[in-house]
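Trainee: I would like to go through this entry one point at a time. Please show me the sequence and the structure before we start.

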Amino acid sequence: MLFIFVPILAGVLLILNFFLAPHRPDEAKVSAYECGFSPVYGQTRSTFQIHFYIVAMLFLVFDLEILLLFPICLTLYNVSIFGFSIAIIFFIVLTIGFVLEIGSGAISLTDPALPINNK
């Protein structure tokens, strides 16, 4: 039912918006910068360090894996020794992954492209 109803409703709402919404384009609306500020020429692109993206992705992966341990914590008395051993194995695999992540330098906070001055 939802696979039929939701696309039809979305299509009807889009068509209503197309026909009923006011359409008054002016020079500011059709320009590249719609926020009201003039573009600063020469500064439209800045360098982005991919390191922050990698740290964020690794944080999400390990955060979700820790979240999977939460139900075990709540039902620790009910899962018996088998459930506890599965949770310990999961935690060991998680720890090994974290150690490998640190060993590969994926979460080091220094820029590997910059030389290190040892004085």
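This is a predicted model: local features need pLDDT of at least 70, side-chain atom pairs count only at pLDDT 80 or more; totals for chains, interfaces and linings use all residues.

Trainee: At what angle do α2 and α4 pack?
Mentor: Two packed helices are described by the angle between their axes and the distance between the axes. Axes are lines fitted to C-alpha atoms, for helices over the stretch in contact, and angles run from 0 to 180 degrees between N-to-C directions. The axes of α2 (residues 50–67) and α4 are 11 Å apart, and the angle is about 165°.

Trainee: How does α2 run relative to α4?
Mentor: Angles under 35 degrees count as roughly parallel, over 145 as roughly antiparallel, 65 to 115 as roughly perpendicular and the rest as oblique. The angle between α2 and α4 is about 165°. Therefore α2 relative to α4 is roughly antiparallel.

Trainee: Is Glu101 buried or exposed?
Mentor: Glu101 sits in helix α4 (residues 80–104). Leaving out residues up to four places away in sequence, Glu101 touches Leu58, Phe62, Ala106 and Ile107. Buried means under 20% relative accessible area, exposed over 50%, and partly exposed in between (1.4 Å probe, protein chains only). The relative accessible area of Glu101 is 8%, so Glu101 is buried.

Trainee: How much of the protein is made up of buried residues?
Mentor: The protein has 4 helices and 0 strands, in the pattern α-α-α-α along the sequence. Of its 119 residues, the buried share is 7%.

Trainee: What is the phi of Ser80?
Mentor: Most residues other than glycine have a negative phi. Ser80 lies in helix α4, and at 45% relative accessibility this serine counts as partly exposed. Although Ser80 is not a glycine, its phi is positive, at about 65°.

Trainee: How far apart in space are Phe84 and Ile72, C-alpha to C-alpha?
Mentor: Phe84 is found in helix α4 and is partly exposed, because its relative accessibility is 38%. Not counting residues up to four places away in sequence, Phe84 touches Leu76 and Val79. Phe84 and Ile72 are 12 residues apart in sequence, and their C-alpha to C-alpha distance is 7.7 Å.

Trainee: What type of aromatic pair do Phe18 and Phe19 form?
Mentor: A search of the whole structure finds 1 aromatic pair. Rings of Phe, Tyr and Trp (its six-membered ring) pair if their centres lie within 6.5 Å; planes under 30 degrees apart count as stacked, over 60 as edge-to-face and the rest as tilted. Both Phe18 and Phe19 are exposed. With 5.4 Å centre to centre and 70° between the planes, the pair of Phe18 and Phe19 is edge-to-face.

Methods:
Residues are numbered from 1 along each chain as its sequence is written. Side-chain values use heavy atoms; hydrogens and water are left out. Helices (H or I, at least four residues) and strands (E, at least two) are DSSP runs, numbered from the N terminus. Contact means heavy atoms within 4.5 Å.
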